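Please examine the sequence and the structure shown below before reading the briefing. The points that follow are grouped by topic.

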Amino acid sequence: MAEEQTPKPPKEVTPQVDPSAPAGDAPEAEGKAPEAEGKAPAARAAGKAAAGEAKPKAAAGDAKPKKEKPPAVEDKPFEQFIQQDFLPSLDKALKQNAKGEIALSFKKQPLQVHGLSDSEEYWQVSGQWQENQRQFNIAFTDENIGSQKLFYCSSGDFKGSTVEQFMGDERKITLDLMLLYTLQRLNGQKWLNRN
């Protein structure tokens, strides 16, 4: 009969360490190095976040407030805008473009049109020059520069005979547009120096 052989336990293998190598350079077991390298950055980031080392986000109250734009002159109350902004600007423009002294006024009155018996009063900007031989009016149907506006003019001793819509196609009314339309309309009458 053959003798049964008992298996011998495997010999334990210890890694060889180079005594001249620095202490941190010991070889690592197979399979552990790539795993450790992949986890280390993520583990460090998680540790920093947990320790509160992440960059703080700006609080909502720390944002710089936006500079507010000053209100537009057109946002002033109606009478204030006409008297403080439109009339002085129109006076300056007419002195540069028209012959003779010009008198501008702003008052509430009925339309001064031949054949019109309407006594309703409207706020009107009036301009007279050449010893009142030329006159124009811009009437506002409401106390608002965006309201419907009418234009009429007259020469000599005659009242105006035609009332025209003024700036009817404009959605946004500005001081500059009001001046431009007024000068264009007066230039159409050939009342300005350009003609």
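The lining of the largest pocket is made up of three nonpolar, eight polar and two charged residues. The structure is a predicted model.

**Pocket**

- The largest pocket holds about 180 Å³ of space.
- Its lining has 13 residues, and those nearest the centre of the pocket are Gln135, Ser154, Gly156, Phe158 and Lys159.
- Strands β3 (134–140) and β4 (149–155) each supply at least two residues of this lining.
- The most is given by β4, which provides three residues of the lining.

**Nonpolar cores**

- In soluble globular proteins, nonpolar side chains tend to be buried together.
- The largest nonpolar core here has 30 residues, and Ile82, Phe86, Val125, Phe136 and Met178 have the most contacts inside it.
- At least two residues of this core come from each of α2, β1 (102–110), β2 (121–129), β3, β4 and α3 (175–188).
- Helix α2 contributes the largest share of this core, eight residues.
- When neighbours within four places in sequence are left aside, Met178 is in contact with Phe81, Ile82, Phe86, Phe140, Ile145, Met167 and Ile173.
- A second, separate core has six residues, including Leu111, Val113, Tyr122 and Tyr152.

**Asn97**

- Asn97 belongs to helix α2, which spans residues 78–97.
- Asn97 counts as buried because its relative accessibility is 16%, and buried means under 20%.
- A polar atom of the Asn97 side chain lies 2.7 Å from the backbone oxygen of Ala93.

Conventions
Residues numbered from 1 in each chain as written. Predicted model: local features only at pLDDT ≥ 70, side-chain atom pairs only at ≥ 80, totals over all residues. Heavy atoms only, no water. 1 Å grid on protein atoms, 1.4 Å probe; cavity = no way out; pocket = protein on both sides within 12 Å on 5 of 7 lines; lining within 4 Å. Points joined across faces, edges and corners; volume = space filled by probe spheres on them. Helix = DSSP H or I, 4+ residues; strand = E, 2+ residues; numbered from the N terminus. Nonpolar A, V, L, I, M, F, W, Y, C, P; charged D, E, K, R; others polar. Buried < 20%, exposed > 50% of the residue type's maximum accessible area, 1.4 Å probe, protein only. Polar contact = N/O pair within 3.5 Å; in protein donor to acceptor, adjacent residues only side chain to side chain. Core = buried A, V, L, I, M, F, W, Y, C linked by side-chain atoms within 4.5 Å. Contact = heavy atoms within 4.5 Å.
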